[in-house]
Amino acid sequence: MIMDLLSKALMIILVGMGVVFAFIMLMITAIHLNAWILKTLGKDQEQPK
Amino acid sequence: MKKNKPLIMLITLVGLILIGCLGYFSARANPLASAKDQEKPAGREKQITDENDPRQASPRSVVQTAPEAGSMPAGARPIGRAQKAREERDKANLRDFSFAKFLKSILKTTGVYAFLNDKQTALSASGKPVTIHGWQSLIMVMVGLVLLWLGVAKNFEPLLLIPIGFGTLLVNVPIANMGGISNGVPGFLKIVYEAGVGNELFPLIIFMGIGALTDFGPLIANPKLSLLGAAAQIGVFGTVIGAVLMNLIPGFSYTLQEACAISIIGGADGPTSIYIAANLAPHLLGPIAVAAYSYMALVPLIQPPIMRALTTPSERRIRMKQSRPVGKTEKILFPIIIVMLCILLIPAAAPLIGTLAFGNFIREIGIVDRLVRTLQNELLNIASILLSLGVGAQMTPEKFMQPSTLGIIVLGLVAFSLGSAGGILLAKLMNKFSREPINPLIGSAGVSAVPMAARVSHKMGQEADPGNYLIMRAMAPNVSGVIGTAIAAGVMIALFK
């Protein structure tokens, strides 16, 4: 019973950390891409009011 | 006269208690007295029904003198069986009325009597029926008072612990049954719970408010620091194993859903903890929310020893480069980016990420200031009050006075410490490979607890080097921790859907 739960908990750690890191990595890539596109278009100088 | 005032009050109080006791014991010792009393009201009742003057007849007597259903004119409504039974009961009550009985019933409806004699069967956190005694409710009242003390005197998350404490106090008031249903009518705390805690509405409203209050600029300026927010989620997932291992101790038996609901405390994000608990283990909602908010309040005490243990003095003195300025368009597009990623990667996290992004989007576009102000102030405050009261409504003995609560408190601390350590260790690793120096102290801000965790990093940095300003650098992992915890929550919901 415990071993079964432990193996499932290990899977949750692997899948969970994998998804969180994948999301954050994609977010970082998207932020860089967004910054590059805006720089190319010359829209990166607008400052918040 | 002034000197005698306490004495007079004491004598009055003792007198009232004596009268009550006399009434109570006389009713028990002399049952015939009540039988004798029964005759009087019966006679009085007769008198009322015999009245011919319709102005003096009460509605009850009018109903009594109504004709038989069979002899009723067409269109007249026959008297229902329930109504007849109610009338009979009213009559019996009136006949049975006596001073002694009255005092006895008053005594039985006092809190003192209920705390001493009450005994109910309720479902425990694990779903098993347990007997709850009145004294256990009294202990929960004390727990409510302790929460109030922590909020008021110690300033531990007062905005949340004060309503939670008061909710705990009110839900354990005997007889009033504010957290349950009596005679088919739900109590006010039950209504609050059902309105927005049980259906997860209030945490989402709070997430909108958080979005409207958060500036993602530091994260957009230095996106790689958001990895620290991801690393801190090891506290959330790692504690699932801890909860499972706790099952080896007699008295503990957490299911995988319960383990996940407990481990989210490591994210140090109150609304997310409540959201997940309501979703995966609603019976553990009260202890989980209290543990989450208590540990969030204890960030300045829990994190510094971990930070000192895992970093060297030279690492703590590292000064980080100034971040680049972030344009308005970048800030406006950021919430759209995270929503799109959420839709593509983990839609189960969309309620949390979506509401956070919505609040942040309307903040950044800058054309709906009224809505932003409402989200940041009124709506956030109303949702916080109702959410905390609803959480307090779950603090009943059958749910709180269980071994599982002890486990939640221990596991919450483990989750919190593990999350802080995870962020610091990844920051140390990144510092080895990064061209720009990274102060490992900002890693502990990867647990959400915005902005307190970032402030702790800043303070620790200033202790090592008074000229080192880490606050804006620490905000990047801090806000990415909010996103990371929401994604972790989405993973857990997706796993058990």
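A residue counts as buried if 20 or more other C-beta atoms lie within 10 Å of its own, as exposed if 12 or fewer do, and as partly exposed in between. With 13 other C-beta atoms within 10 Å, Ile175(B) is therefore partly exposed. The structure described here is a predicted model.

**The two chains**

Chain A has 49 residues, of which 24% are buried. Its secondary structure consists of 1 helix and 0 strands.

Where chains A and B meet, 32 residues of chain A are in contact with 36 residues of chain B. On the chain B side, the elements that supply two or more residues are α12 (226–231), α13 (234–246), α14 (256–263), α19 (328–345) and α25 (471–495). The most comes from α19(B), which gives 9 residues. Sorted by class, this side of chain B has 22 nonpolar residues, 10 polar residues and 4 charged residues.

**Backbone geometry in the loops of chain B**

Most residues other than glycine have a negative phi, and most peptide bonds are trans.

| Residue | Phi | Other C-beta atoms within 10 Å |
|---|---|---|
| Asn155(B) | near 60° | 10, exposed |
| Ile175(B) | about 70° | 13, partly exposed |

Asn155(B) sits in the loop that runs between α7 (134–152) and α8 (158–171) of chain B. Asn155(B) has 10 other C-beta atoms within 10 Å, and because 12 or fewer is the limit for exposed, this residue is exposed. Ile175(B) lies in the loop between α8 and β3 (181–182) of chain B.

The peptide bond from Val450(B) to Pro451(B) is cis, and its omega is near -10°. Pro451(B) belongs to the loop between α23 (403–433) and α24 (452–464) of chain B.

**Surroundings of Pro282(B)**

Another proline, Pro282(B), is placed in the loop between α15 (270–280) and α16 (285–297) of chain B. Pro282(B) is partly exposed because it has 18 C-beta neighbours inside 10 Å, while a buried residue needs 20 or more. Leaving aside residues up to four places away in sequence, Pro282(B) touches Gly198(B) and Ala277(B). Between Pro282(B) and Val197(B) there are 85 residues of separation in sequence, and their C-alpha atoms are 9.6 Å apart in space.

Notes
Residues are numbered from 1 along each chain as its sequence is written. Chains are lettered from A and ligands numbered from 1 in the order in which they are written. This is a predicted model: local features need pLDDT of at least 70, side-chain atom pairs count only at pLDDT 80 or more; totals for chains, interfaces and linings use all residues. Two residues are in contact if their C-beta atoms, placed from the backbone, lie within 7 Å. Helices (H or I, at least four residues) and strands (E, at least two) are DSSP runs, numbered from the N terminus. Ala, Val, Leu, Ile, Met, Phe, Trp, Tyr, Cys and Pro count as nonpolar, Asp, Glu, Lys and Arg as charged, and the others, Gly among them, as polar.
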